Amino acid sequence: MKVVPSRSSEWVRPVTPQKPASAIIEIDGVSQVFQTSAHKDHVALSDISLTIDEGAFVSILGPSGCGKSTLLYIVGGFVRPTSGVAKIKGAAIIAPGPDRGPVFQEFALFPWKTVLGNVMYGPRQQGVRAAEADAQSRSLIEMVGLKGYENFYPKELSGGMKQRVALARTLAYHPEVLLMDEPFGALDAHTRTRLQNDLLNIWERDRKTVLFVTHSVDEAVFLSDKVVMMSKSPGRIRHVIDIDLPRPRRRNELLLDPRYQKYVVDIERMFDESDGAGFPA
Amino acid sequence: MMSPTTLIRRIAPALACIGLLAIWQVASLVLKNDSFPTAIEAIKAIPDILSDRESLINILASLRRMAMGFGAAVLFSIPLGLLMGRSRAVAAFFNPLLMVIYPVPKAALMPIIMLWLGVGDVTKTLVIFLGVSLPVIYHSFEGAKGVEEKMLWSGAAMGLSPLQRLVRIVLPAALPEILTGCRTGLVLALITMITSEMIARQSGAGNILFNALDMGQYDTVFAMIIVVGAMGICLDAIFERIRARLVRWSEPQFDMPLSFS
Ligand SMILES: Nc1ncnc2c1ncn2[C@@H]1O[C@H](COP(=O)(O)OP(=O)(O)OP(=O)(O)O)[C@@H](O)[C@H]1O
Ligand SMILES: [Mg+2]
């Protein structure tokens, strides 16, 4: 793995091999090449290696088109890498499975199912009895703040509400790893902040492993234990930054915390340096 | 209380029918042509047809063939269309075949089918089947092709097998489109039903119509046209109700008051 240590911050350090005992996801030399036309290849990911510890909240940060989604899809088993291998608990990932729960930026809810129907879908598929799945799903819906909307269809919900349903639907079948692709990217600033807080609260209850793709430096620092910064063309890992901030994190406290501010400023600068171009929107 | 707009919308079809009959009546009185009876004469002939045992048996036989042709076509076409929409290989195999069959009027195939299968039920049902199949396959295909990939990925992550994804995600997601195809197919079933009975004159509603024409009973001819038309309108209305109920989740909410009302 190629990591360019930056001298601009004392928190940046080269990646050291993780203890394999606690690693849940291992990405080893993964490259992804898309054939865009008959004789033109596009290297979306180039030799990505990354280890994610069990229970860690890891964000992937990078400019648009650097392959963040592609990397997430590879871990999800939805896309097979051109070369290299991604592993979960030591086993190569060759297909999607209920141990990895995706939350897509497009929501991808089942529009013919109600909110409750969507959330119950996974547990029912896993053979949980109807009454039990019903009860569990209702409490999940309450947890994501949608009590009273159980019988609404997706088309009757706002964007933020759909995103909550998508999160509840994935949490419902208890994946070991949550794969979230810019889940709050399409939301307004206020809803986004609320959902970030809610996600952190939920995460702090059972500390699932989360792989979280985002464009936003604030969001990455606020949520994560570790920020993986990527650069574009070809998509590579530039830096891996540990975010050493206490938990549980409160947004209002954190915004005033100089350590938080320094992380944000440093990472934004690194972003500019490694990207060369302007800061992504 | 029904609002005036709702009231107008409710009675609009009836008004349209009455208007059409009125124009017919006037045109017929003005033209004074033997082969163009007045609307009232035609309507008067309807009870005669519907009370005649022979005619009723014929009409029911037509409806039975239509139901069988339509049902078989739907059962065959939806899975085929869905498979074509999700599998490039299946689409590559069937597409050229369907492109050849598509522009051929199905009634034009009847002479050949009659030669092989006779002039009975099988031939007519088969022609109806062919007529209904294409729009249903096409719309199922388009519907399945348009299913959002992330929806299928979500299903795969929950542990659905490819077949389960086809039945439990692609089918419901494509249902609005499929039912649009079925609705077109239903009207085509009626058309091919009458056409097939025109060509293989043996029994059925189309046969009554053309027998009456041969014998110069023009009021019966026009009465049969009304009966067949009414059958079409009723079937379509019933189907539309079922369709609207099945895909309520996807309908845009027209009835929501917008800026003014
Ligand atoms: N199926 C595909 N076929 C061809 N090229 C693809 C495909 N999927 C992605 N790419 C290309 O790979 C690169 C990375 O795409 P990806 O969607 O992973 O980027 P991203 O970092 O998620 O961007 P964004 O932040 O805008 O979502 C892009 O240049 C894109 O054009
Ligand atoms: Mg993306």
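**Close-up views of a predicted model**

**View 1. Ligand 1 has an oxygen atom 3.0 Å from a polar backbone atom of Gly67(A).** Before you look further: this is a predicted model, where local features need pLDDT of at least 70 and side-chain atom pairs count only at pLDDT 80 or more, while totals for chains, interfaces and linings use all residues. Residues are numbered from 1 along each chain as its sequence is written, chains are lettered from A and ligands numbered from 1 in the order in which they are written, and side-chain values use heavy atoms, with hydrogens and water left out. For Ser69(A), an N or O atom of the side chain sits 2.7 Å from a ligand oxygen. The protein covers 63% of the 630 Å² of accessible area that ligand 1 has on its own (areas come from the Shrake-Rupley method with a 1.4 Å probe; for residues, only the protein chains shown count as cover).

**View 2. A shell of 13 residues surrounds ligand 1.** To belong to the shell, a residue needs a heavy atom within 4 Å of the ligand. Ser64(A), Gly65(A), Lys68(A), Ser69(A) and Thr70(A) are the closest. Which element gives the largest share of the shell? That's α1(A), with 3 residues. (Helices are DSSP runs of H or I, at least four residues, and strands are runs of E, at least two, numbered from the N terminus.) Sorted by type, the shell has 4 nonpolar, 7 polar and 2 charged residues. Here Ala, Val, Leu, Ile, Met, Phe, Trp, Tyr, Cys and Pro count as nonpolar, Asp, Glu, Lys and Arg as charged, and the others, Gly among them, as polar.

**View 3. Arg164(A) sits in helix α4, residues 159–171 of chain A.** Is Arg164(A) buried or exposed? Its relative accessibility is 7%, so Arg164(A) counts as buried (buried is under 20% relative accessible area, exposed over 50%, partly exposed in between, with a 1.4 Å probe and protein chains only). The side chains of Arg164(A) and Asp198(A) are joined by a polar contact of 3.0 Å. That term means a pair of N or O atoms within 3.5 Å; within protein, one must be able to donate a hydrogen and the other to accept it, and residues adjacent in sequence count only if both atoms are side-chain atoms. Skipping residues up to four places away in sequence, Arg164(A) touches several others, among them Val144(A), Leu146(A) and Leu195(A); contact means heavy atoms within 4.5 Å.

**View 4. Lys208(A) lies in the loop between α5 (189–206) and β8 (209–214) of chain A.** Leaving out neighbours within four places in sequence, the contacts of Lys208(A) include Gly55(A), His174(A), Glu176(A) and Trp203(A).

**View 5. Chain A meets chain B through 24 residues of chain A and 20 residues of chain B.** Together the two chains bury about 2000 Å², 63% of it on carbon and sulfur atoms (buried area is the accessible area, 1.4 Å probe, that two parts lose on being put together, summed over both). On the chain A side, Trp112(A), Gln125(A) and Lys155(A) lose the most area to chain B, together 34% of what that side buries. As for chain B itself, you'll find 10 helices and 0 strands there, and 40% of its 261 residues count as buried.
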